[in-house]
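Here is a short briefing on one protein chain. Take a look at the model first, then read the points below.

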Amino acid sequence: SQTQKGIITYALSANRQKPFAGATRSAVFNTYRRSKAQFLYVVPPFAAAYLLMNWAIEKNEFYNSKEGRMTAPEESDDATQGGPVRG
């Protein structure tokens with residue numbers, strides 16, 4: 001049979017019909033996989049920084065408390081009292 005004149009047909013490939021098919025599922029699992037691979041590079045430094053900062057805050061609060069001031073050694077006031085200048 002002969003093709004008819006004046007009739008135009010269009011077709012789309014499967015990936016053009018649904019360009020984001022499965023994108024959300026792939027994104028979730030790909031993000032999990034990539035995050036898991038970076039876990040040991042990110043978490044230990046942040047944990048160490050948190051613990052160090054927590055220790056420093058507790059130490060600072062102790063030193064600025066009444067008990068902390070009582071246990072701290074007496075500071076010499078040479079610089080404020082005109083004591084010896086070492087150069």
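The chain has an average pLDDT of 84, and 83% of its residues score at least 70. pLDDT is the predictor's confidence in each residue, from 0 to 100. This is a predicted model, where local features need pLDDT of at least 70, side-chain atom pairs count only at pLDDT 80 or more, and totals for chains, interfaces and linings use all residues. Residues are numbered from 1 along each chain as its sequence is written, and side-chain values use heavy atoms, with hydrogens and water left out.

**Helices and confidence**
- The chain holds four helices and zero strands.
- Read from the N terminus, the elements run α-α-α-α.
- Helices (H or I, at least four residues) and strands (E, at least two) are DSSP runs, numbered from the N terminus.
- Confidence is highest in α2, at a mean of 95, and lowest in helix α4 (residues 78-81), at 55.

**Surface**
- The accessible surface of the chain is about 9,200 Å², and carbon and sulfur atoms own 58% of that.
- Such areas come from the Shrake-Rupley method with a 1.4 Å probe; for residues, only the protein chains shown count as cover.
- Of the chain's 87 residues, 1% count as buried.
- Buried means under 20% relative accessible area, exposed over 50%, and partly exposed in between (1.4 Å probe, protein chains only).

**A nonpolar patch**
- F39, L40, Y41, V42, V43 and F46 make a nonpolar surface patch of about 690 Å².
- Patch residues have over 30% relative accessible area and no salt bridge; like charges are joined within 9 Å, nonpolar side chains (Val, Leu, Ile, Met, Phe, Trp, Tyr) within 5 Å.
- A salt bridge is a side-chain nitrogen of Lys or Arg within 4 Å of a carboxyl oxygen of Asp or Glu.
- F46 lies in helix α2 (residues 23-63).
- F46 counts as exposed because its relative accessibility is 62%.

**An aromatic pair**
- The whole structure has one aromatic pair.
- The ring centres of F62 and Y63 are 5.9 Å apart and the planes meet at 50 degrees, so the pair is tilted.
- Rings of Phe, Tyr and Trp (its six-membered ring) pair if their centres lie within 6.5 Å; planes under 30 degrees apart count as stacked, over 60 as edge-to-face and the rest as tilted.
- F62 is partly exposed, at 31% relative accessibility.
- Y63 is partly exposed too, at 44%.
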